[in-house]
Amino acid sequence: MTGHIQPPMSLLAELTHRCPLSCPYCSNPLELDKKAMELSKEEWISVLKQAADMGVLQVHFSGGEPMARPDLPELISVARKLNLYTNLITSGVFLDERKLKILDEAGLDHIQLSFQDVTVEGAERIGGLKGAQAKKLEAARLIKASGIPLTLNFVIQRENIERIPQMFDLAAELNAGRVEIAHTQYYGWGLKNRDKLLPTRAQLEQATQSVELERKKNRFQIDYVTPDYYADVPKPCMGGWGQKFVNITPAGKVLPCHAAEIIPDVTFPNVKDQSLASIWNESELFNMFRGTDWMPEACRSCERKEIDWGGCRCQALALTGSAKNMDPVCVQSPFHNVVEKATEEQGDRELIYRRF
Ligand code: FES
């Protein structure tokens, strides 16, 4: 499918895969890009210019830990001059008053600060970094004091799901404008630990009640992302393949989602070889699952086909062996039993940690 392709709305710039944490649900691919493979500052600036020319509105600087890149303030400043809205997705462990001031002066619009838990013990067990929780709390206070809008992102899994009410209280204490209660998604490293991380249905129902209760208090905005394993219909992953989001890896590969590198038998285009616009509009990868023409039955005749866009291709591949199959979360999928079976698994072993 080509012709009448809308430009992406958001660009996720994964500046580096380097990260001081070792979360067992890391969303980066199994094969990480080494420091020597990372795009240079000049290459990222070229990407930002191309994105702005295409009509991209927002850039999310992410990683790994994007603050591991010393040129981050300069990239933010370039993006702002190009009228791109800039968001920093960070663990906060490298943030201090001096660095925050530099980011603020560069024009940073928003910070999304991730938390692994509300307790020190829980957070350090998942993140694997001693002292991280204290640094995150200090980072949140500094961000609030700077006036940069702050979203707290709590990553939810079986061990911390019952502490959601305490997470909301912490967010209120830190005066956050927005809170994301985002359940772990099971791709890449997360899939390795799914039997240890996926909550039970009863836990999920309790969590949903906590979110509904908190919403009534109107203390901040809440985004709630549930594990789709308990849903009957799939999520519109990335708002549809090649429709709204473009992801660039530290080494310059351009992907429709952060997990797409698992898709077999396709060339992954790179900004070092081709323009971002030609990749978005013409590459085989971006046109593979764009729109509805590629869909199998029952997606093709489903009235939700332009709502969920066939769900998640990476999940279909990981759980059914082919990215062309229906997302097995859908109750109409012939593979739905795979998802149902996974909800009954309760691993009795240690977590497998991610190390860079
Ligand atoms: Fe790749 Fe959902 S994560 S399509």
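This report walks through a predicted protein model, from its overall build to one residue in its sheet.

## Before we start

Because the model is predicted, local features need pLDDT of at least 70 and side-chain atom pairs count only at pLDDT 80 or more, while totals for chains, interfaces and linings use all residues. Residues are numbered from 1 along each chain as its sequence is written, and side-chain values use heavy atoms, with hydrogens and water left out.

## The whole protein

Let's begin with the big picture. The protein has 14 helices and nine strands; these are DSSP runs numbered from the N terminus, with helices (H or I) of at least four residues and strands (E) of at least two. Its radius of gyration is 20 Å, close to the 21 Å that the globule rule gives for 356 residues, so the protein is as compact as a globular protein of that length. That radius is taken over C-alpha atoms, and the rule is 2.2 Å times the number of residues to the power 0.38.

Of the 356 residues, 56% count as buried (under 20% relative accessible area, using a 1.4 Å probe and protein chains only).

## The sheet

Nine strands form an open sheet with mixed pairing, in the order β7-β6-β5-β4-β3-β2-β1-β8-β9. Two strands pair if DSSP finds at least two bridges between them. At the edges stand β7 (221–225) and β9 (254–255), each with a single partner strand, so one side of each has no neighbour in the sheet.

Strand β2 (residues 58–62) pairs in the parallel sense with β3 (residues 85–90) over four bridges. The chain passes from β2 through helix α2 (residues 72–81) to β3, in a right-handed β-α-β crossover. Right-handed means that, with the strands pointing away from the viewer, the path from the first strand over the helix to the second runs clockwise. Another right-handed β-α-β unit is made by β3, helix α3 (residues 97–106) and β4. Strands β3 and β4 (residues 110–115) run parallel, joined by four bridges, and Asn87 has His110 in β4 as its bridge partner.

## A closer look at Ser62

Strand β1 (residues 10–14) runs parallel to β2, joined by five bridges, and Ser62 in β2 is the bridge partner of Glu14.

Is Ser62 buried or exposed? Ser62 is buried, with a relative accessible area of 9%. Leaving aside residues up to four places away in sequence, Ser62 touches Leu12, Ala13, Glu14, Leu15, Thr16 and Ile89, where contact means heavy atoms within 4.5 Å.

Technical notes:
Buried means under 20% relative accessible area, exposed over 50%, partly exposed in between (1.4 Å probe, protein chains only).
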